[in-house]
Amino acid sequence: MADSSPPCSRCNEPLSVTGASFSVACASCGQWHTVDRSGPVLVVKPFGEQETEPAEAAPPTDASGEERMVPPELLQLDMDWERERKRHLVFGVSGEVDVPEMITPIGVGVALTGVGAYLFYQSAGASLVSRLPGLAVIAGGIAFAIYRIGKARAYEEAYRRYQGRRRATTKPPDQ
Ligand SMILES: [Zn+2]
């Protein structure tokens, strides 16, 4: 067998393994090694050390039904959504920012339109200028409802997109 020079386990200097020797001392640091020639490749092991292999870092398993770590891409997804969500929030009836929904703007729009219609018909026969406030209230009520319903729909769509992305991320890898 040709001479071989695997690195020393302690100082990494090449070990000079000659002939058929079954042990070798490092010329640099003096660490003894046993020489294993049973395999196709010559293996040197530091002499006097435990034979036990260092426990390999086991790959994380989720087969046991254990709680899995939240994958970072999921955290990123949630953070992105939280940011996107804030852009959709509107002022609710209580004055607090809230998720936009459709019931309130429809109610407010109908109420304002009713008030406007009342004002408009009350002022029948008066000059057009004095009838304008009623028309303005009607227009305001409709515009408010359209604006807020649009916001609610945009929010719902964004939320659905977020849920879809989340499902795609949390989908089990197999099957
Ligand atoms: Zn050495």
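User: Helices are DSSP runs of H or I with at least four residues, strands are runs of E with at least two, and both are numbered from the N terminus. Where is the place of Lys151?

Analyst: Welcome! This is a predicted model, where local features need pLDDT of at least 70 and side-chain atom pairs count only at pLDDT 80 or more, while totals for chains, interfaces and linings use all residues. Residues are numbered from 1 along each chain as its sequence is written, and side-chain values use heavy atoms, leaving out hydrogens and water. As for Lys151, its place is in helix 3.

User: What share of the protein's residues is buried?

Analyst: A residue counts as buried under 20% relative accessible area, as exposed over 50%, and as partly exposed in between (1.4 Å probe, protein chains only). The protein has 175 residues, and the buried part of them is 21%.

User: Which elements do the buried residues of helix 1 pack against?

Analyst: Helix 1 covers residues 72-88, and its buried residues are Leu74, Leu77, Trp81, Glu84 and His88. These lie on the same side of helix 1 because they cover an arc of only 90° around the axis, taken from the directions from the helix axis to the C-beta atoms. Pro72 and Lys86 are exposed on the other side. With contact meaning heavy atoms within 4.5 Å, the buried residues pack against strand 4 (90-91) and helix 3.

User: How far does helix 2 reach from its first C-alpha to its last?

Analyst: Helix 2 runs over residues 103-122, which is 20 residues. The expected span of a helix is 1.5 Å times one less than its number of residues. Helix 2 comes close to that expected value, with a reach of 28 Å.

User: Which helix do the buried residues of helix 2 pack against?

Analyst: The buried residues of helix 2 are Pro105, Gly109, Gly116 and Phe120. Their arc around the axis is only 40°, so they sit on the same side of helix 2. The face turned away from them carries the exposed residues Ile103, Val110, Tyr118, Tyr121 and Gln122. The buried residues pack against helix 3 (128-170).

User: What is the nearest side chain of opposite charge to Arg148?

Analyst: Arg148 has its place in helix 3. Lys and Arg count as positive, Asp and Glu as negative, with His and the chain ends not counted; a salt bridge is a side-chain nitrogen of Lys or Arg within 4 Å of a carboxyl oxygen of Asp or Glu. Leaving aside neighbours within four places in sequence, Arg148 is in contact with Val90, Phe91, Glu101 and Pro105. Arg148 is buried yet has no salt bridge, and at 5.4 Å the nearest side chain of opposite charge is Glu101.

User: How far from Lys151 is Glu84?

Analyst: Not counting residues up to four places away in sequence, Lys151 touches Arg87, His88, Leu89, Val90 and Pro100. Lys151 is buried and has no salt bridge; Glu84, the nearest side chain of opposite charge, is away by 11 Å.
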